[in-house]
Amino acid sequence: MVTIIDDEAAARDWLRATFDPTPAAWAGLERFAAMLVAENARQNLIAASTIPTLWVRHIADSAQLLAFDRDGDGLWLDLGSGPGLPGLVVAILSERPLMLVESRKRRCEFLRAVAEDLDLHHVEVVEARLEAVETRSAATISARAFAPLDKLIDLSARFSTESTRWLLPKGRNAVKELALLPRPWQSLFHVEQSRTDAESRILVGAGRLGGRIVPKKRG
Ligand SMILES: C[S@@+](CC[C@H](N)C(=O)[O-])C[C@H]1O[C@@H](n2cnc3c(N)ncnc32)[C@H](O)[C@@H]1O
């Protein structure tokens, strides 16, 4: 049974217990959180209503994806990174090479500013639409609030290999969205409980997805 992280103190406790961050990594998380709140006054990055619970809703919510891939190595591709959720959180807590794909210029400026401020040399910010990004093999693909599952896979399948790990937080619609995929692809995924929301699920997958999807009808 997963214990749901339901307040800021619990989020910090969980992060410490799970990742045993160095003092520098912990300071990095604090700094990222502060920069995110400050930047949110200039551009809309996260819902203002989530700022009081930032560590649950965004930091721990992002970090839980890394917990599903602790032994992974190789390129981690984060699609539609926005302000770096989950990409920058993963970058602060691990040494995985990260490629953050984000199409909006001002969001990319923020991503680069944080990466520079925190000396995250293993982070590459790609300012482009995913459709225009050159294909590379990704060991891990994450996407939080990026696109419906069928579209997400359509856009990103070409980055996957037999050993790619997919980490797709899908909120309350995870099971419904999974059911819309062709059956052979459904079997590549299993559903995990989110640690930060009792109703939300994360689709964790393994393997290569290929070809265009002929979507089932949305019900
Ligand atoms: C709803 S936001 C989510 C941002 C972040 N992952 C989060 O959870 O807060 C979706 C992001 O994907 C970006 N995006 C949408 N379509 C994209 C595309 N085709 N290529 C690259 N980025 C895209 C948007 O600019 C936006 O920042």
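Q: Before we get to the strands, when do two of them pair?
A: Two strands pair if DSSP finds at least two bridges between them. This is a predicted model, by the way.

Q: OK, which residue in strand 4 is the bridge partner of tryptophan 76?
A: Threonine 140. The strands involved are strand 1 (residues 76-79) and strand 4, which pair in the parallel sense over four bridges.

Q: And what about strand 4 and strand 5, parallel or antiparallel?
A: Parallel, over three bridges, with strand 5 covering residues 165-169. There, tryptophan 166 is the bridge partner of isoleucine 141.

Q: Which way do the residues of strand 4 point?
A: Thr140 and Ser142 go one way, Ile141 and Ala143 the other. All four are buried. In a regular strand, side chains alternate between the two faces of the sheet.

Q: Which of its residues are buried?
A: In helix 5, Arg107, Phe110, Leu111, Val114 and Ala115. They sit on the same side of the helix, because they cover an arc of only 130 degrees around the axis.

Q: What happens just after helix 5?
A: Aspartate 119 takes a positive phi of about 55 degrees.

Q: Now the core. Which members of the largest nonpolar core touch the most others?
A: Ala11, Ile59, Ala60, Leu77, Val89, Val90 and Ile92, out of 54 residues. Helix 3 (residues 54-67) gives the most to this core, seven residues.

Q: Take alanine 60. What is it in contact with, leaving aside neighbours within four places in sequence?
A: Alanine 60 contacts Ile5, Ala11, Trp14, Leu15, Trp55, Arg195 and Thr196.

Q: Zooming out, how many helices and strands in the protein chain?
A: Eight helices and seven strands. The radius of gyration is 17 Å, close to the 17 Å that the globule rule gives for 219 residues, so the chain is as compact as a globular protein of that length.

Q: How much of the chain is buried?
A: 39% of the 219 residues.

Methods
Residues are numbered from 1 along each chain as its sequence is written. This is a predicted model: local features need pLDDT of at least 70, side-chain atom pairs count only at pLDDT 80 or more; totals for chains, interfaces and linings use all residues. A nonpolar core is a set of buried Ala, Val, Leu, Ile, Met, Phe, Trp, Tyr and Cys residues joined through C-beta atoms within 7 Å. A residue is buried if 20 or more other C-beta atoms lie within 10 Å of its own, exposed if 12 or fewer, and partly exposed in between; C-beta atoms are placed from the backbone. Helices (H or I, at least four residues) and strands (E, at least two) are DSSP runs, numbered from the N terminus. Two residues are in contact if their C-beta atoms, placed from the backbone, lie within 7 Å. The arc is that of the directions from the helix axis to the C-beta atoms. The radius of gyration is taken over C-alpha atoms; the globule rule is 2.2 Å times the number of residues to the power 0.38.
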